[in-house]
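Here is a short briefing for a reader meeting this structure for the first time. Look over the sequence and the fold, then work through the points below.

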Amino acid sequence: MRRTTAARPGALPAGPGPVEAAPAAAAEPEEATAGSASGALRTEFPFELPRGYVDENGTVHKHGTMRLATARDELVPLRDVRVQENPAYLSVVLLGRVITRLGTLTMVHDGVVENMFASDLAFLQDFYRQVNAEGHTRAGVTCPHCEQPFEVELGGSRLGES
């Protein structure tokens, strides 16, 4: 089954195309509510893999786009036999649904995700948590000793388990 994404006015093309360099800040996505000056909801986020996916031709694909997950994205994989037999496979199937572009690949699916390097998979799992938890998984706290404010990372749950 081939997925397509409807484009918003002013949005990046969802299909394959020339790879643009993702900014270094792509690993730290802006809040999901951030958008254009009109306050439009931002639904797609660029990323750069630490190592990159190597396809069957030896081409390395590092830059991609991930969209916000829907409830359906998190529910459908639970019916997948591979996930039922091995719950750790949930993140592979889920990421295959929400990654809309990776380099010059014509289609990204769970088969692509399962052949990524472990460091890239871990990066994408963290990135998924960041963009689907209102843009980040950090909370502002205050030190009880010096009363200085700082942020702590709250991530740690597995993908698909809110």
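Helix α3 is mostly covered: eight of its nine residues are buried. Buried means under 20% relative accessible area, exposed means over 50%, and partly exposed lies in between (1.4 Å probe, protein chains only). Helices (H or I, at least four residues) and strands (E, at least two) are DSSP runs, numbered from the N terminus.

This is a predicted model: local features need pLDDT of at least 70, side-chain atom pairs count only at pLDDT 80 or more, and totals for chains, interfaces and linings use all residues. Residues are numbered from 1 along each chain as its sequence is written, and side-chain values use heavy atoms, with hydrogens and water left out.

**Helix α3 and its surroundings**

- The buried residues of α3 are Leu90, Ser91, Val92, Val93, Leu94, Leu95, Gly96 and Val98.
- These buried residues pack against β2 (60-67), α1, α2 (81-85), β3, α4 and α5. Contact here means heavy atoms within 4.5 Å.
- Arginine 97 is partly exposed, with a relative accessible area of 22%.

**The nonpolar core**

- The largest nonpolar core has 27 residues. Such a core is a set of buried Ala, Val, Leu, Ile, Met, Phe, Trp, Tyr and Cys residues joined through side-chain atoms within 4.5 Å.
- Phe47, Met66, Leu95, Ile99, Leu102 and Leu124 touch the most other members.
- Two or more core residues come from each of β1 (44-54), α3 (90-98), β3 (99-102), α4 (110-114) and α5 (118-132).

**Aromatic pairs**

- The whole structure holds three aromatic pairs. Rings of Phe, Tyr and Trp (its six-membered ring) pair if their centres lie within 6.5 Å; planes under 30 degrees apart count as stacked, over 60 as edge-to-face and the rest as tilted.
- Phenylalanine 123 and phenylalanine 127 form a stacked pair, 5.9 Å centre to centre with 15 degrees between the planes.
- Both phenylalanines lie in helix α5, four residues apart, about one turn of the helix.
- Phenylalanine 123 and phenylalanine 127 are both buried.
- Ring pairs join Phe47, Phe123 and Phe127 into a cluster.

**Salt bridges**

- There are five salt bridges in the structure. Each is a side-chain nitrogen of Lys or Arg within 4 Å of a carboxyl oxygen of Asp or Glu.
- Arginine 67 bridges to aspartate 73, with the closest N and O atoms 2.6 Å apart. Both of these residues are buried.
- Aspartate 73 has a relative accessible area of 2%.
- Arginine 97 also forms a salt bridge with aspartate 73, the closest N and O atoms being 3.1 Å apart. Arginine 97 lies in helix α3 and aspartate 73 in helix α1 (residues 71-75), so the pair ties together parts that are 24 residues apart in sequence.
- Together, Arg67, Asp73 and Arg97 are linked in a network of salt bridges.
- Aspartate 80 and arginine 82 meet through their side chains in another salt bridge (2.6 Å, N to O). Aspartate 80 is buried at 18% relative accessible area, whereas arginine 82 is partly exposed at 34%.

**A nonpolar surface patch**

- Val54, Val60 and Phe117 make a nonpolar surface patch of about 240 Å². Patches are made of residues with over 30% relative accessible area and no salt bridge: like charges are joined within 9 Å, nonpolar side chains (Val, Leu, Ile, Met, Phe, Trp, Tyr) within 5 Å.
- Accessible areas come from the Shrake-Rupley method with a 1.4 Å probe; for residues, only the protein chains shown count as cover.
- Valine 54 sits in strand β1. Valine 54 is partly exposed, with a relative accessible area of 38%.
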